[in-house]
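Dear colleague,

Please find below the structure that I am handing over to you. My notes on it follow.

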Amino acid sequence: MSILGNSVVRREDPALLRGEGTFIDGMEIEGALHATFVRSTIAHARISSIEVRQALELDGVVDVVTAADIDLPDLSPESPIMNAAMGRPLLARDTVRFVGEPVAVVLTEERYHGPDAAELVIVDYEPLAPVVDPLSALAADAPLLFPAAGSNVGMEIDARSMQADFSGCDVVVRKRIRNQRVAPAPIEPRVAAAWWEGEGEQSRLVLYLACQGVHPIQAKLMEVYGLPADRVRVVCPDVGGSFGAKAGTYPEWVLLGALSRRVGRPVRWTETRTENLTAMGHGRGQVQDITIGGTRDGRVTAYRLEVVQDAGAYPAIGALLPWMTRSMVTGVYDIPNAEFSARSVVTNTTPVVAYRGAGRPEAAAAIERAMDLFATEIGMDPAEVRRRNFIPADAFPYTNAAGTTYDCGAYEKALDLALEAAGYEELRAEQERRRQAGDTRALGIGLATYVEITAFGGGGEFGSCELRPDGSVLVKTGSNPYGQGHHTVWSQLVSARLGIPMEKIEVVHGDTDLIPSSSITGGSRSVQLAGTAVWDAAGRLVDLARQRAADHLEAAIEDIVFDQSLGRFYVAGTPAVDVTWAELGAAADGTGNPLVGLANFSAPGATFPFGAHVAVVEVDTETGSVELSRLIAVDDAGTILNPLLAEGQVHGGLAQGAAQALLEEVRYDADGNPLTSNFADYGVISACELPMFERIPMETPTPVNPLGAKGIGESGTIGATPAVQNAVIDAVAHLGVDHIDPPLTPERVWRALQARSTDPPSP
Amino acid sequence: MIPAPFEYLRAGSAEEAISLLAEHGDDAKVLAGGHSLLPLMKLRLATPGVLIDIGELRELSYIRDGGDHVAIGALTCHRDLERSELLQHEVPLLSFTAHLVGDPQVRNRGTIGGSLAHADPASDLPAAVLGLGGTLVVTGREGSRHLAADKFFTGFLESALAPDELLTEIRVPKTGDAGWSYQKFNRRAQDWAIVAVAAVTGPQPRVALVNMGPTPMRAAATEAALVSGASAAEAAELAADGTEPPTDINATPDYREHLARVLTRRALAEAGVA
């Protein structure tokens with residue numbers, strides 16, 4: 001029996017649980033200075049002067065650095081489709097554009113001296129009018145963050161390529177909804193350390209960085225510092241979470257090398273939680289205008305989504321997310337007549353980056369809300385409306401209105417499984433009973449049927465398997481984990497292919513000196529691409545070993561049999577005479593010719609995990625308080641290699657998805673001051689607010705990779721948010737509420753109820 | 001998240017703590033469990049020059065039967081209040097309320113004296129002690145004085161403690177057969193209350209409110225209405241009278257007023273007031 005498909009416990013955990021992980025903040029770095037950033041306290045202002053003298057005089061302060069001291073180019077926008085005039089200086093030069101933007105850096109011998117010194121750097125600001133709300137950024141008289149750019153639009157997708165015609169619809173429903181800005185909030189904040197090895201022309205920049213992939217960062221450093229690859233090393237040891245926000249490039253990371261070069265000592269930096277919540281990128285942040293039309297018998301025939309994406313002060317990955325939203329715009333429904341347009345606008349707020357789901361939760365939230373609004377309008381059960389519009393299971397591969405081709409799917413089956421597990425009919429009956437009785441604990445049932453895209457954007461992943469003299473295997477992977485459990489699953493894959501036990505398999509990642517190539521671990525791509533690369537590399541190792549075994553056993557290669565169950569090779573017909581992996585490894589020792597299987601895997605296309613989530617809530621109609629009482633999830637990510645790890649991914653995703661629906665929101669006041677800059681004010685969800693999750697397994701293998709695997713890392717956040725939101729609105733629908741923007745806080749729910757009870761009843 | 005520089009002193013006895021307080025005056029803060037003070041210091045919202053740590057004074061951690069009341073040492077942690085059989089039996093409102101403070105880590109470190117001396121109107125225990133009609137024993141160089149909880153909370157994060165006084169004991173009357181309720185409304189289990197209501201029945205029913213003004217406060221109009229024979233529902237409608245609820249990230253004042261009325265009605269119902 002294969003080890004694949006088994007709930008193998010994480011190999012990573014014993015060291016992490018014993019405090020033996022390698023996190024950068026805990027590393028001993030001899031002679032390192034501590035960097036503390038002086039950050040803007042004003043959302044939008046001209047800098048008239050920076051006075052550093054007092055800070056320099058404080059004991060333990062080695063240097064204070066401002067933009068004038070840094071000879072490095074600005075960070076250009078991450079993509080050529082963004083407005084090129086919106087580049088980001090590493091330290092604010094003449095203008096600050098959000099509270100938290102780095103203005104200066106203090107280098108101190110002791111970490112605790114940093115904030116004291118930073119307080120003594122006196123920055124004089126001339127305030128400028130701020131732009132806080134993304135819609136106001138589009139106003140004709142809006143202040144411009146980058147006057148040279150000519151507008152606040154950093155990226156635009158016009159509607160010309162995708163237009164919908166609503167002329168034949170019996171019913172058309174329109175609604176403006178918000179997909180609020182949230183904070184990724186990993187437990188480990190951003191952390192890095194940099195130093196230079198060697199002297200002069202040969203010196204090499206070393207950056208230890210908690211990130212999502214070392215080679216993309218190496219490439220950025222090569223570009224900014226003008227160095228060849230052999231003079232930039234990036235290492236990523238253990239990472240305490242990221243959720244997308246440690247992808248991309250931050251000025252703080254790039255600066256550390258320049259600071260180290262300036263003082264001739266290593267420089268390290270660990271941000272505080274307040275910095276993490278105000279200066280690390282945020283997620284989501286879309287205003288969506290949805291229009292949905294169709295027939296009274298429940299067929300949706302036209303759909304339009306117009307997006308204003310809040311990009312924050314400098315366009316980063318977040319400014320590109322509308323492209324992901326566009327690709328999945330019609331979700332699981334067969335709506336060829338669909339329209340999409342988007343504008344990403346800059347505002348005087350923290351830049352928006354990728355956050356778990358990155359553009360796909362926004363698409364799912366819009367279409368799932370739209371389906372419910374449409375169902376309400378025609379008076380049909382939301383499950384039935386979905387059923388009447390699903391892409392049928394025999395229509396794959398299916399190309400949607402945006403030109404995205406889905407690999408496979410069985411959407412109605414997923415919904416059936418979820419509804420059956422939920423006891424949907426009984427829940428509806430109980431809901432009706434409570435409504436008739438005027439119960440103030442209203443029951444709500446919310447659905448979300450979703451499809452998302454994983455392993456998109458092309459590009460391959462590297463993997464290698466080297467047989468060592470003792471018969472153990474060294475696996476190198478390009479994919480950089482930050483909590484997912486790559487070492488466990490990659491070991492399972494190699495063990496299954498080679499017949500070598502997991503404990504004799506070592507996996508390494510995250511060092512440009514050790515690994516030839518890697519891309520960002522994101523978009524739920526790792527198992528499908530990097531896992532397949534390791535699988536293929538192990539297969540290549542078997543092929544190479546077969547030749548060595550033939551030499552060893554003095555037989556023709558065609559006659560060599562590989563016995564995977566025992567990890568040995570023998571000549572066909574004489575199984576008693578064999579050679580083992582350990583013997584082959586020992587034989588290769590010292591020959592300078594080790595056995596190494598190498599692979600790069602690229603898939604012919606993306607994969608499209610799908611599923612159905614059902615949320616059950618109880619809403620206290622007197623206070624607006626919501627209790628999430630059940631969350632039932634069917635998530636089909638193709639073949640599952642390790643159900644335990646897959647379940648962990650789904651649980652985390654469901655929690656974060658429910659949190660976006662009920663609790664989390666990054667908020668600013670009208671002047672652009674952050675109101676949610678610590679964990680007392682920013683409502684990360686905890687186990688107490690969550691029910692036991694009910695997961696229903698379903699596996700539809702994809703044809704696009706040999707493992708049959710699709711991504712599972714983000715699906716929880718994609719289905720759960722609209723399911724929970726729809727449930728709350730469903731609970732109070734009989735009281736006249738048709739929509740509430742997330743997060744559905746008690747006060748928001750109460751206000752929605754108040755507004756309805758004072759309005760005249762709708763006709 | 002790194003506090004401003006401060007001097008750290010550890011008191012070996014209550015007398016030493018009081019004399020250190022007298023020496024350093026307004027510049028000093030007493031450190032007990034630290035669960036209110038240290039976060040404020042890390043955010044640099046509080047920058048005391050001197051911290052006087054009383055955490056070693058185990059003699060201030062006790063729960064004793066005082067006859068008509070239960071006497072609680074100021075350094076008693078919430079977890080001990082929660083688990084005390086004496087309190088569960090004689091003043092169940094207090095042990096129940098302690099169970100709702102923060103999370104287990106907070107309850108194992110935070111102290112009742114620290115919570116009351118911090119005088120946060122959003123905290124649970126100040127309003128619970130006010131609702132119970134408790135008495136606070138504060139000790140200075142000249143000896144101790146007793147202050148009714150009604151006189152102790154003087155303003156936002158301000159109490160009647162003099163700079164050289166230490167809160168040493170809290171006395172809460174036994175509630176006997178009286179009905180009681182504590183209704184806490186928050187978004188997450190570990191959060192401060194958006195609004196909470198403590199109610200104790202009896203000939204002089206007491207109702208105290210959390211987060212409805214600069215201090216923990218009594219719902220005076222509700223109490224008066226109950227005494228003059230109003231129904232619980234009628235009395236609850238008056239719960240927000242005379243309050244000045246704050247605006248913050250979780251709620252606006254009119255929503256808090258609404259919650260005060262709803263929660264008071266529920267508290268009175270649970271406490272058995274018809």
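What percentage of the 274 residues in chain B do buried residues make up? Buried residues account for 57% of them, where buried means under 20% relative accessible area with a 1.4 Å probe, protein chains only.

This is a predicted model, in which local features need pLDDT of at least 70, side-chain atom pairs count only at pLDDT 80 or more, and totals for chains, interfaces and linings use all residues. Residues are numbered from 1 along each chain as its sequence is written, chains are lettered from A and ligands numbered from 1 in the order written, and side-chain values use heavy atoms, with hydrogens and water left out.

Chain B has twelve helices and 14 strands, taken as DSSP runs (helices H or I, at least four residues; strands E, at least two) and numbered from the N terminus.

In chain A, four strands form an open, mixed sheet in the order β18-β26-β27-β28; strands pair if DSSP finds at least two bridges between them. Because β18 (441–451) and β28 (693–696) of chain A each have a single partner strand, one side of each is left without a neighbour in the sheet. Strand β27 (residues 626–636) of chain A pairs with β28(A) in the parallel sense over four bridges, and A:Leu631 stands opposite A:Phe693 in β28(A).

With kind regards

Notes. Buried < 20%, exposed > 50% of the residue type's maximum accessible area, 1.4 Å probe, protein only.
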